[in-house]
Structures are given as C-alpha cells and as structure tokens.
Amino acid sequence: MPELGNNVRVHSLFNSGDLQVVGALPPFTEIRSITVALGRFYNEETTLKPATWLFSAATRKSSCLPNAKALGQTISLTETPYTIIGVMKPKEQNSSYDGADVRKIFIPFNSMRRDFPNKPPAVEHSVDRLLVAPWSLETHPDCVKQVRRSLGRLHSFDPRDKEAASIWDTVKNAEANRMIIVGMEFSWGGRRGHAFSGGLGVMNVMLVSVRERTR
C-alpha cells in the first residue's frame, strides 16, 4: 500500500501550526493498528471522490484541534478546507519511521496527491513509502525477501543491497524490544540480591560510624 506524507501548515479557528499530514488508503488503520475513538475513518467510497475529508490523530496533541469539538469542524490544510470526520484513539508507539501516529492528520491518498504532492526535485506523483503486511508471522522473512526482489527488479538494483531500499521492520523491532525486556528482567533479578547485600554493607558501616561517634 502506498503512503505519502508531508509537513503542512494547519489553520483552525483556535490556532495554527505545522503538522504531519499523511495520505493513505483505508486499510491503513489495520496495518498501522489505528483505532477510531470518534466518528470514522474514510472508506473506499470517499477515496474515489475528490473529497476534502480528514481523519485526525492530532486532536489530543495539538491546540489547533480541540478534541471535544473536533467532529464536523472545518480546518485549512495550507489554503484547502478539510472537514474532520473522525478522531483516533491514543496508542502507545515505541518506534516510528516518520514520527508518532498520534501527532498526524490522515487524508485520502488521492486527496494527498492532488493537494500536497511531493515537490521538486522529487517526482510529483512519487510516493514516500510502501506499507507491506505479511500473511502471518511465519511468512514474514519470505515477505521481506519478496519486497526486495520486486523493488530491485523495478528499480534495477541488487536485492541483496540493503542500503538500496531501507525497510523499517516492525517484526524485527518487536523481537529486539522483547529481548531487551527479558534481559532487563533477568538483570534486575540478579541486581536485587546485590542491592540487598550492598544495603547490609552500608548499614554496617553506618552502625560502626555511629558507635565511634557515640564514644
């Protein structure tokens, strides 16, 4: 699935500021684990029209978009008016490729290409990222290889060259984070014993010092 994102000047009746605006297709919510808190995410029907609807993940993080009155509001992305049709439920995120999702605004992919395409020297209708989801955890390694082979064939590079096309691998990141947590838990178990013995040592030194001063 293609994705296109740019920093855009956002204006509302309350404030203004630069926010990350992302153009994506409806399955984005499933791939990126985005849950709707208010309203709805745009669907296939809305993406086929030259619509100006947006799904806001930034209402809780920005004074530009007060959460209590977000739905139905019209805000301007640069000079183009967009109506808020949904708000994202907050989510925890331990890594990212272009910032936390809770600080973004999402609009239909076709709207993004129309109103905020990539600027030169980039090709106007290029995309920034491709989001890929494997069928299962077991097929993940083969999925990564297939993506590299396909991109290598399209853009004439060796798929073994990992520098040619970087991949933000959430499965790999999750496994690394799990190993870190397991290591910390194991280390903490050993440190508690050391801390207890160290505490006894400090206590004994303090008792000796008190006895000497008492004399």
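## Questions about a predicted model

D18 lies in strand β2, which covers residues 16–24.

Q: Why is D18 called exposed?
A: Exposed means over 50% relative accessible area. D18 has a relative accessible area of 53%, so D18 is exposed. As for its surroundings, the C-alpha atoms of D18 and N7 are separated by 6.1 Å, although the two are 11 residues apart along the chain.

Q: What makes A164 partly exposed?
A: The label partly exposed covers values between the 20% limit for buried and the 50% limit for exposed. A164 has 37% relative accessibility, so A164 counts as partly exposed. A164 is found in the loop between α4 and α5. Its C-alpha atom is separated by 9.5 Å from that of L151, 13 residues apart along the chain.

Q: Which elements make up the protein, and in what pattern?
A: The protein has 5 helices and 8 strands. Along the sequence they follow the pattern β-β-α-β-α-β-β-β-β-α-β-α-α. Of the 215 residues, 31% count as buried.

Q: How do you know that β4 and β6 pair?
A: Two strands pair if there are at least two bridges between them. Strand β4 (residues 53–56) and strand β6 (residues 80–88) have 4 bridges, in the parallel sense. Here S56 stands opposite V87 in β6.

Q: In what sense does β4 pair with β7, parallel or antiparallel?
A: β4 and strand β7 (residues 104–108) pair in the antiparallel sense over 2 bridges. With at least two bridges needed for a pair, the 2 bridges between β4 and β7 meet the rule. S56 stands opposite I105 in β7.

Q: Why is the pair of F41 and F55 called edge-to-face?
A: Ring centres must lie within 6.5 Å to pair, and planes over 60 degrees apart count as edge-to-face. F41 and F55 are 4.8 Å centre to centre, with 65° between the planes, and the pair is edge-to-face. F41 lies in the loop between β3 (36–39) and α2 (44–47) and F55 in strand β4, so the pair ties together parts 14 residues apart in sequence. Both F41 and F55 are buried.

Q: What makes the pair of F41 and F106 tilted?
A: Planes under 30 degrees apart count as stacked and over 60 as edge-to-face, with the rest tilted. F41 and F106 have 55° between the planes and are 6.5 Å centre to centre, and this pair is tilted. The pair links distant parts of the chain, with F41 in the loop between β3 and α2 and F106 in strand β7, 65 residues apart. Both F41 and F106 are buried.

Q: Which residues do ring pairs link into a cluster?
A: The cluster holds F28, F41, Y42, F55 and F106. The count of aromatic pairs comes to 7.

Q: How do you know that K104 lies over the face of Y97?
A: The rule asks for a charge within 6 Å of the ring centre and within 35 degrees of the ring normal. K104 is at 5.2 Å from the ring centre of Y97, and lies over its face.

Q: Why does T78 count as partly exposed?
A: T78 has 35% relative accessibility, so T78 counts as partly exposed. T78 sits in the loop between β5 (74–77) and β6. T78 also has a positive phi of about 60°, although it is not a glycine.

Q: Where is P121, and what joins P120 and P121?
A: P121 is in the loop between α3 (109–115) and β8. A cis peptide bond joins P120 and P121, with omega about 10°.

Q: What lines the largest pocket?
A: The largest pocket has a volume of about 1300 Å³. Of its 37 lining residues, the closest to the centre are L130, L131, V132, I167 and W168. The largest share of the lining, 7 residues, comes from α4. The lining divides into 19 nonpolar, 11 polar and 7 charged residues.

Conventions. Residues numbered from 1 in each chain as written. Predicted model: local features only at pLDDT ≥ 70, side-chain atom pairs only at ≥ 80, totals over all residues. Heavy atoms only, no water. 1 Å grid on protein atoms, 1.4 Å probe; cavity = no way out; pocket = protein on both sides within 12 Å on 5 of 7 lines; lining within 4 Å. Points joined across faces, edges and corners; volume = space filled by probe spheres on them. Nonpolar A, V, L, I, M, F, W, Y, C, P; charged D, E, K, R; others polar. Phe/Tyr/Trp six-rings, centres within 6.5 Å; stacked < 30°, edge-to-face > 60°. Buried < 20%, exposed > 50% of the residue type's maximum accessible area, 1.4 Å probe, protein only.
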